[in-house]
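Subject: Structure handover

Hi,

Here is the structure I promised to pass on. Have a look at it first, then read my notes below.

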Amino acid sequence: MRTMLALLLALAAALPAAAEEAPKADVHVTGTVTGEDAQHYKEVPFDVPAGVERITVALAYDRSNKTVIDLGVLGPDGFRGWSGGRRDRFTISASDATPGYLPGPVTPGRWRVLMGVPNARQGSSSAYTVDIFFNRKGAANATAAIADPPIRAGEGWYRGDLHMHDANSDGSCTSQTGKRVPCPLYRTVEAAAAAGLDFIAVTDHNTVSHFDGLRELQPWFDKLLLIPGVEITTFRGHANIFGPSRFVDFRVGTPAVPDARALERSVAAAGAIISVNHPALPTGEACMGCGWTWDTDWSGITAIEAINADTATGPLAGTGFWYARLNEGHRLTGIGGSDNHDADAPPERTRIGRPTTVVHARELSLRGIQDGIRAGNVFIDVEGTRDRLLEVEASTGSQRAVMGGELKPTGTVTLAVHVVGTQGGAIELITNGTPVQSARTPVTSADQHTTLMLGPAQPCGWVSVNVVLSSGKPALIGNPIYLRCPA
């Protein structure tokens, strides 16, 4: 029995992450359930110190003799959840909780894991362990302990939409009787799944109330990664944050959040990344704060929303703002988002998945997509197709770099470009924001490989590749490869 228990505990410890990444429990309790405990409740008390933002509890026990343990928890103020024998772990925070548990502040004080024992055979003895993990400043053990495995393992291109809203902020759709109503979160997720996306970020304004719903929906939508996000909506700009583990105060310009730099620090502490939204839009009574005007430390920003909804060209598109920041020397990934507010929007209106942000990631998981956006091997499929592709690799001498990477030119720079699904359009080479007309190349096949050249006198800074359609409208927007010339 001891050997089997050891194996069970080892397997339980390995569930949240790889062995080398498994967090160490902040509280570790062992005990035994015997036949005398059958149809009784046992409590495992533990103390939560001040400053804890999330707790995760994991139970492992010897089931070999048909012992069954149901699981729940009591907080200092009373009942906080029950999942019976279905789950062996749960998480609770102010923003979200495992289904069956109540989100809310993690109150310091005495908590009690509640174990019901519906069955324990007479004369039996079953060992158990309870591991408890805390999120607090400098440690996210509770988040790591409940981390879901990848939706899909393996490196590749993953297609997603990084900007949308539902009933938790200002999303609306048509009810069963034809009324305009706040649109339930599940309708947004269903629309994204129907669009064939691999991931979405739901980014309701200044709230985390949808996080709980995403946690409930994720197990059923097991082909679609649901990323918790927030559109931080301020008086001088909007920004999406992707993957925060907690609420991030949006009140920039107040003592709580004095400036944009303080916001950036708070976002990083919550484990998220920032993208500045629709930065070139005007701000005023029609849309207060839509344009970005904060004094910004761009080293704390990961991305710029270069394409918002159908605004892909002209002075209101984000590409010009993004290119200007690149020319200032900042390394920022260009992404797109539909900014959808109606899950049932017809094709002629802004719909989920148009545009699509296509990210090269090591796996389809929250951390995989976050890291993929950081790395910058990303392109925007402006029309949100399911199959268009843009791959770019630059080389000079023995050096190689894909989008988001860096080269130190030693002579001619060669760009190997692979495009799919844009026959009849043209490939554009962009250097420091300006198209190189002499390098414009027709796309004559559905799957085309093209080589472009930058001579020894190429400018330093950055280079990228876009694809335009025969109508002149952009189809694919590539991210930069940085050219760092000797000082």
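What pattern do the disulfides of the protein follow, with bonded cysteines counted along the chain? They follow 1-2, 3-4, 5-6. Before the details, some ground rules: this is a predicted model, where local features need pLDDT of at least 70 and side-chain atom pairs count only at pLDDT 80 or more, while totals for chains, interfaces and linings use all residues. Residues are numbered from 1 along each chain as its sequence is written, and side-chain values use heavy atoms, with hydrogens and water left out.

**Disulfides**

A disulfide is a covalent bond between the sulfur atoms of two cysteines; here a pair counts if the sulfur atoms are within 2.5 Å. The count comes to three.

C173 sits in strand β11 (residues 172-174), and C183 in the loop between β12 (180-182) and α3 (185-194), ten residues apart. (Helices are DSSP runs of H or I with at least four residues, strands are E runs of at least two, and both are numbered from the N terminus.) Both cysteines are buried: C173 has a relative accessible area of 2% and C183 is at 1%. Buried means under 20% relative accessible area, exposed over 50%, and partly exposed in between, using a 1.4 Å probe and protein chains only.

C287 is joined to C290, S to S 1.4 Å. C287 is partly exposed at 29%, whereas C290 is buried at 3%.

C460 and C485 make another pair, S to S 1.8 Å. The torsion about their S-S bond is about -115 degrees, so this disulfide is left-handed. C460 lies in the loop between β28 (447-454) and β29 (461-468), while C485 is in the segment after β31 (481-483), so the pair ties together parts that are 25 residues apart in sequence. C460 is partly exposed at 38%, and C485 is partly exposed too, at 24%.

**Nonpolar cores**

In soluble globular proteins, nonpolar side chains tend to be buried together. A nonpolar core here is a set of buried Ala, Val, Leu, Ile, Met, Phe, Trp, Tyr and Cys residues joined through side-chain atoms within 4.5 Å. The largest one has 36 residues, and W292, W298 and W322 are among those with the most contacts inside it. Elements giving two or more residues to this core include β14 (225-234), α5 (260-269) and α6 (319-327). Another core lies apart from it, with 29 residues, including F379 and L452.

Leaving aside neighbours within four places in sequence, W292 is in contact (heavy atoms within 4.5 Å) with residues including R236, P279, W298 and F321.

**A cavity**

On a 1 Å grid over the protein atoms alone, a cavity is a set of points where a 1.4 Å probe fits but cannot get out, and lining residues have an atom within 4 Å of a point. Grid points are joined across faces, edges and corners, and a volume is the space filled by probe spheres set on the points. There is one cavity of 30 Å³ or more, and the largest cavity has a volume of about 40 Å³. Residues lining the largest cavity include H278, E305 and G318.

Cheers

Notes. 1 Å grid on protein atoms, 1.4 Å probe; cavity = no way out; pocket = protein on both sides within 12 Å on 5 of 7 lines; lining within 4 Å.
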